[in-house]
Amino acid sequence: MDILHPSVTEYLTNLVPPRHPELQKMEAYAEEHDFPIIGPICGHMCYRIARAIDAKRIFELGSGYGYSTAWFAKAVQENGGGDIQHVVWDNELSTKAREHLNVMGYKDLVRYTVGEAIQALSVATGPYDVIFMDIDKQDYPKALPVIHEKLRVGGALIIDNMLWSGRIFDQKDTTPETKGIRETTGMIMNNDRWVASIIPIRDGLLVANKMK
Ligand SMILES: C[S@@+](CC[C@H](N)C(=O)[O-])C[C@H]1O[C@@H](n2cnc3c(N)ncnc32)[C@H](O)[C@@H]1O
């Protein structure tokens with residue numbers, strides 16, 4: 001189930017400013033191979049958030065072949081430079097990401113780790129300005145304490161798929177993924193350490209700021 005009416009998606013997509021041809025190539029690949037990238041509307045939102053808080057250090061959990069990474073890299077480059085950590089457990093995706101991101105001129109900005117993302121964050125040297133999560137959904141709850149520890153106060157946590165194609169509304173759906181998303185929502189929304197909103201674009205993008 002699409003959360004947004006297709007005409008709204010089309011309208012919002014057309015409002016996203018022109019994109020690098022390589023980014024468009026990555027979008028076409030996702031479409032053709034049914035690979036779940038965040039897409040241009042959420043990508044542009046991620047970029048905008050990173051620009052707005054002058055992010056220089058960004059950590060991604062679950063980076064795929066680098067589409068979301070490219071939006072963050074654009075923001076960091078325009079913010080004067082820094083580093084973006086690309087993490088995925090599949091070596092082929094990591095290599096592919098490196099190729100795409102090099103073409104876009106982000107060679108010196110992006111660092112690559114092939115491995116489990118929560119483990120990689122737990123040993124990374126924080127603090128980060130933005131942490132973006134797009135890993136397997138049943139693992140979202142256990143990532144949260146590590147994210148909280150590594151994010152700076154005032155930094156932004158962005159999480160994809162928080163409306164999960166509407167499955168979160170179906171009380172009969174008790175799959176580990178759906179439960180993981182519900183639990184994560186509760187952990188963030190009922191917690192004075194975070195101020196958060198779920199933006200109903202694409203599959204639901206949670207944007208939270210760490211308050212303490
Ligand atoms: C949804 S895709 C990422 C899409 C990417 N964020 C984008 O928008 O371009 C998630 C990727 O992370 C990988 N992944 C899932 N859980 C992971 C974990 N715990 N650690 C590392 N990689 C993970 C998946 O195999 C998949 O390749």
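The model is predicted, so local features need pLDDT of at least 70 and side-chain atom pairs count only at pLDDT 80 or more, while totals for chains, interfaces and linings use all residues. Residues are numbered from 1 along each chain as its sequence is written, and side-chain values use heavy atoms, with hydrogens and water left out.

**Stop 1: Thr 178**

Select Thr 178, which sits in helix H8, residues 176-189. Helices (H or I, at least four residues) and strands (E, at least two) are DSSP runs, numbered from the N terminus. Thr 178 is buried, with a relative accessibility of 0%. Buried means under 20% relative accessible area, exposed over 50%, and partly exposed in between (1.4 Å probe, protein chains only).

Now show the side chains of Asp 173 and Thr 175. The Thr 178 side chain makes a polar contact with the side chain of Asp 173 at 3.1 Å, and another with that of Thr 175 at 2.9 Å. A polar contact is a pair of N or O atoms within 3.5 Å; within protein, one must be able to donate a hydrogen and the other to accept it, and residues adjacent in sequence count only if both atoms are side-chain atoms.

**Stop 2: Arg 202 and Asp 160**

Move to Arg 202, which forms a salt bridge with Asp 160, the closest N and O atoms being 2.7 Å apart. Arg 202 is in the loop between strand S6 (194-199) and strand S7 (205-210), and Asp 160 is in the loop between strand S5 (151-159) and H8, so the pair links distant parts of the chain, 42 residues apart. A salt bridge is a side-chain nitrogen of Lys or Arg within 4 Å of a carboxyl oxygen of Asp or Glu. Asp 160 is buried at 0% relative accessibility, whereas Arg 202 is partly exposed at 29%.

**Stop 3: Asp 83 and Arg 57**

Select Asp 83 and Arg 57, a salt bridge with its closest N and O atoms 3.2 Å apart. Asp 83 lies in strand S2 (residues 83-88) and Arg 57 in strand S1 (residues 57-61), so the bridge ties together parts 26 residues apart in sequence. Asp 83 is buried at 14%; Arg 57 is partly exposed at 25%.

**Stop 4: the remaining salt bridges**

Lys 56 pairs with Asp 54 in a salt bridge, again with 3.2 Å between the closest N and O atoms. Finally, select Arg 51, Lys 74 and Glu 78, which are linked in a salt-bridge network. The count comes to 11 salt bridges.
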